[in-house]
Amino acid sequence: MFRRYPALLTGTLKKTGLVGKCVGRKCEDKLMHRLLGTLLVLGYLVFPASAMQDPDRLARVAGDALYWHMNNGRTRPVFEALPKGGDIHNHLRGAIYAETWLEWAAEDGLCADMYVPALRFDDGRGCDANGWITAADALRDEGSRRALINALSTRSYVPTNGWSGHNQFFATFARINAKAERLGDQLAAVAQRAGKQNILYLELMETVVLPQLFPLVNDVEMTGDPIKDYQALLNSPFGQQLDTLTEYVQTQLREAEVRKRAILNCDTDRPKVGCDVTIRFLHQVVREFEPAVVYAQMILGWSVMETTPEVVGLNLVAPEDGYIALRDYSLHMRMLDQLYTNRSHQNISLHAGELTLGIVRPRQLRFHIREAIEIGHAKRIGHGVAIDYEDNHLQLLEKMVEDGILVEINLTSNDVILGVAGANHPITLYRDMEVPYTISTDDEGVSRIDLTHEYIRLAQTYDVPYFELRHVSRNSLTYSFLDGESLWESDVCVSDLEGTTGASAACEAFLTESEKATLQWKLEQKFKDFEATLKIPEQRRNSFN
């Protein structure tokens, strides 16, 4: 079709200003997609009714409309409506906004230490006995409220000598305190926010048990041999309490779910949009402790994953450049290998390569991602910023492609913590090498963002075409740890997606057996609705044109 009307196309390209903005075959494809939408708007092209229903054509036109909205002051609404499979790199504690923590602290009688500032529990003597004020007073006082919000997040943060974005980001977590009963409130808050953004799924990292472990492992002598140390921990008071600790985690999650559903009115005739968001958990291991505590957390995680359907995987957290995290990095990978190889295969996603030159010495940039994959059995890599510092990094990238190891990209977090952004971010390398990736938030409350913000940042910074944005959204479910086979493994369901009659009996049977495929099917229906309705609006004239 394009070859038949060269003069028309040349003239239209000049009118729209699309000529000269890109070169190369990839750019030609993008140019044609955008041109098609422009021609439709200008009225140059008319299609028969059958062509108007073509899914690929509808998607191309929707992509053109998406970028038109982005370039004409309508970015947020259209990207908020963009269907997003899930956010699969999301720390629950870091996802809550500072204002919410402060409001809960005021309601629950906590204190505000304005010297830090931070939220603190009342030790029974009253807040003023420690030189603090009540959280309720801090909430009412504008200066105290402002200082606490800034201290519990990166809002208004400006780097100073001796205090970086890295320092500010990680310092926030020690300043947050809330009653354990607020876990359900946290779930309600993030679910409702996700629902408002057309997000179907959240995979939340959370540490439910930690302080209880210290007295149980204090007397355990660790040898550095994961097999011997595993037996030593099982023979310790920790091992004797393992079932009780596992049941405690299950109880906390169960009660939190009940609380979340009550807050969101999920069991009424007027449920809030957050009720439609599926939530699963990753057992979060804090790695900045001595080996006995870290290994005990991992063992507990295995017990929880083996018995608790809501907990679908495990991750290690805390600054990767911390003293113990660096010192014991390879030991932690061997601990994971011991449990994965000798106990049971479980889903593992690891923070690896959340580093850059200047944060650590060069030698500490060369192996973290590789060991996470080859020893730690990571199915997904969180951040992966240091990939181009890894020894033989091209071979490692090829392995990620071959083995289907996804990288979870957190653009704002990497910018704030590591100072890595734009052309310096390895997302350009991952994309070029066709490593599967998705976009996630990391700690949206601390960073003052949401997933919509990250999709906008991806599109605006890297000029990612609509088809790739859609693929990124799909990846978040395809590589999620939801139970069951992927929708894309079913030829019959893929065929049904191309039709207009819905799922066949054979496809329905497949969906019934797969929680993952069911959610993927729902995402595809949302994309169909999005692409069928998103158009470039009729342009209004004003006094300036």
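Biologist: Strands count as paired if DSSP finds at least two bridges between them. With that in mind, which residue stands opposite Met205 in β5?

Modeller: In this predicted model, His91 is the residue opposite Met205. Strand β1 covers residues 84-91, and β5 covers residues 199-206.

Biologist: How many bridges join β1 to β5?

Modeller: Five bridges connect the two strands, which run parallel.

Biologist: And is β1 mostly covered or mostly open?

Modeller: Mostly covered: eight of the eight residues of β1 are buried.

Biologist: What is phi for Ala318, then?

Modeller: Ala318 is not a glycine, yet its phi is positive, at about 95°. Ala318 belongs to the loop between β7 (311-317) and α16 (323-327).

Biologist: And what about phi of Arg448?

Modeller: Arg448 also is a residue other than glycine with a positive phi, near 65°. The loop that holds Arg448 runs between α22 (444-447) and α23 (451-462).

Biologist: Why does Arg448 count as partly exposed?

Modeller: Arg448 counts as partly exposed because its relative accessibility is 24%. The partly exposed class lies between the buried limit, under 20%, and the exposed limit, over 50%.

Biologist: How confident is the prediction across the protein chain?

Modeller: The average pLDDT is 91, and 89% of the residues score at least 70. Over residues 1-26, however, pLDDT stays under 50, and the model has 24 contacts for them beyond four places in sequence. Residues 37-52 also have a pLDDT below 50, with 25 contacts beyond near neighbours in sequence.

Biologist: Now the overall picture: how many helices and strands are there?

Modeller: The protein chain has 27 helices and eleven strands. Of its 545 residues, 52% count as buried.

Biologist: What share of the contacts with a separation of 6 or more comes from residues 24 or more positions apart?

Modeller: Such residues account for 75% of those contacts in the protein chain.

Biologist: Last, what does the accessible surface come to?

Modeller: The total is about 24700 Å², and 50% of that surface belongs to carbon and sulfur atoms.

How values were computed. Residues numbered from 1 in each chain as written. Predicted model: local features only at pLDDT ≥ 70, side-chain atom pairs only at ≥ 80, totals over all residues. Heavy atoms only, no water. Buried < 20%, exposed > 50% of the residue type's maximum accessible area, 1.4 Å probe, protein only. Helix = DSSP H or I, 4+ residues; strand = E, 2+ residues; numbered from the N terminus. pLDDT = per-residue confidence, 0-100. Contact = heavy atoms within 4.5 Å. Areas by Shrake-Rupley, 256 points an atom, 1.4 Å probe, with all protein chains shown as cover.
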